[in-house]
Amino acid sequence: MVHGYAASQGFFYRNFDALASRFRVVAIDQLGWGGSSRPDFTCKSTEETEDWFIDSFEEWRKAKNISKFILLGHSFGGYIASKYALKHPERVQHLVLVGSAGFSSETERITKFLSTWKGSILNQIWESNFTPQTIIRGLGPWGPDLVARYTSARFIQYSTGELLTESESKLLTDYVYHTLAAKASGELCLKYIFSFGAFAKSPLLHSASEWKVPTTFIYGFNDWMNYEGAQEARKHMKVPCEIIRVPQSGHFVFIENPSGFHSAVFYACRRFLSPDPDSESLPEGLTSA
């Protein structure tokens with residue numbers, strides 16, 4: 001399990017018990033995130049930045065002596081998981097992409113906005129590699145309060161699914177603050193991987209025809225990541241591919257509707273790993289796109 005941008009493995013805390021009832025589950029902190037080491041970030045290009053994450057993950061895999069596995073990535077983690085599977089397809093049994101980044105290209109609306117003075121200023125801020133974590137560090141003792149406001153709004157006030165308890169909210173806030181306030185490292189990948197608006201500079205859509213690993217996309221019904229990019233990619237893939245939408249959830253489907261998320265993951269793995277995939281029916285409540 002590979003986390004997204006400004007996150008770490010602890011974001012999957014609602015999923016470990018359920019998934020571990022059927023699998024050996026390994027969740028990682030990517031290099032420069034969470035509890036992993038935070039070396040100075042010296043990359044200067046998209047390719048070099050991708051290799052920073054892909055190659056460190058591959059070295060970790062070798063050290064753990066894991067030969068083949070199901071690889072699940074969320075958001076930015078889905079982008080990295082996809083790039084890893086393209087480079088090392090022999091290692092990945094099945095790819096599960098949850099609200100994955102990288103399947104949409106820059107829209108005409110964004111292009112027009114960037115030509116305005118407001119868009120130009122925001123784009124300059126983006127290209128300067130000013131990250132959300134910079135704000136949190138700069139706020140000093142007020143940083144935890146800002147993170148608390150974020151977790152409260154993101155997972156309580158505006159959540160469409162299963163709300164956090166007060167205890168969960170406090171623990172998640174504390175966890176998120178300490179992972180974000182630590183030394184800047186992996187977060188500095190932002191401007192090399194994405195252009196303003198979170199559109200990939202090297203869109204995965206362009207690599208769809210090279211896909212060698214069966215893939216399942218999972219999206220929350222209210223995910224701001226558009227599943228239509230995955231639909232377009234599927235048209236060019238030469239491997240089995242399915243797109244599943246989970247109700248009562250947004251971008252953090254595994255937090256907001258964990259039971260629906262678990263059903264989607266179990267279904268995907270049964271379908272693509274069993275000798276008779278067509279015998280598996282989509283669980284109630286889930287939608288195939």
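How much space lies in the largest pocket? About 890 Å³, where a pocket is an open set of points on a 1 Å grid over the protein atoms alone, reached by a 1.4 Å probe, with protein on both sides within 12 Å along at least five of seven lines. The volume is the space filled by probe spheres set on the points. Before you click around: this is a predicted model, with local features needing pLDDT of at least 70 and side-chain atom pairs counted only at pLDDT 80 or more, while totals for linings use all residues. Residues are numbered from 1 along each chain, and side-chain values use heavy atoms, without hydrogens and water.

**First stop.** Select Y5, A6, P132, Y150 and W224, which lie nearest the centre of the largest pocket among its 33 lining residues (lining means an atom within 4 Å of a point). Next, show α5 (117-127), α6 (132-138), α7 (143-157) and α8 (166-180), each supplying at least two lining residues. By class, this lining has 25 nonpolar, 7 polar and 1 charged residues.

**Second stop.** The second largest pocket has a volume of about 450 Å³. Pick R24, V25, V26, F69 and I70, the closest to its centre of the 20 residues that line this pocket. β1 gives the most to this lining, with 4 residues.

**Last stop.** S75 counts as buried because its relative accessibility is 10% (buried means under 20%, with a 1.4 Å probe and protein chains only). Among the residues S75 touches are G4, M225 and H251, with contact meaning heavy atoms within 4.5 Å.

How values were computed
Buried means under 20% relative accessible area, exposed over 50%, partly exposed in between (1.4 Å probe, protein chains only). Ala, Val, Leu, Ile, Met, Phe, Trp, Tyr, Cys and Pro count as nonpolar, Asp, Glu, Lys and Arg as charged, and the others, Gly among them, as polar. Lists of a residue's contacts leave out its neighbours within four places in sequence.
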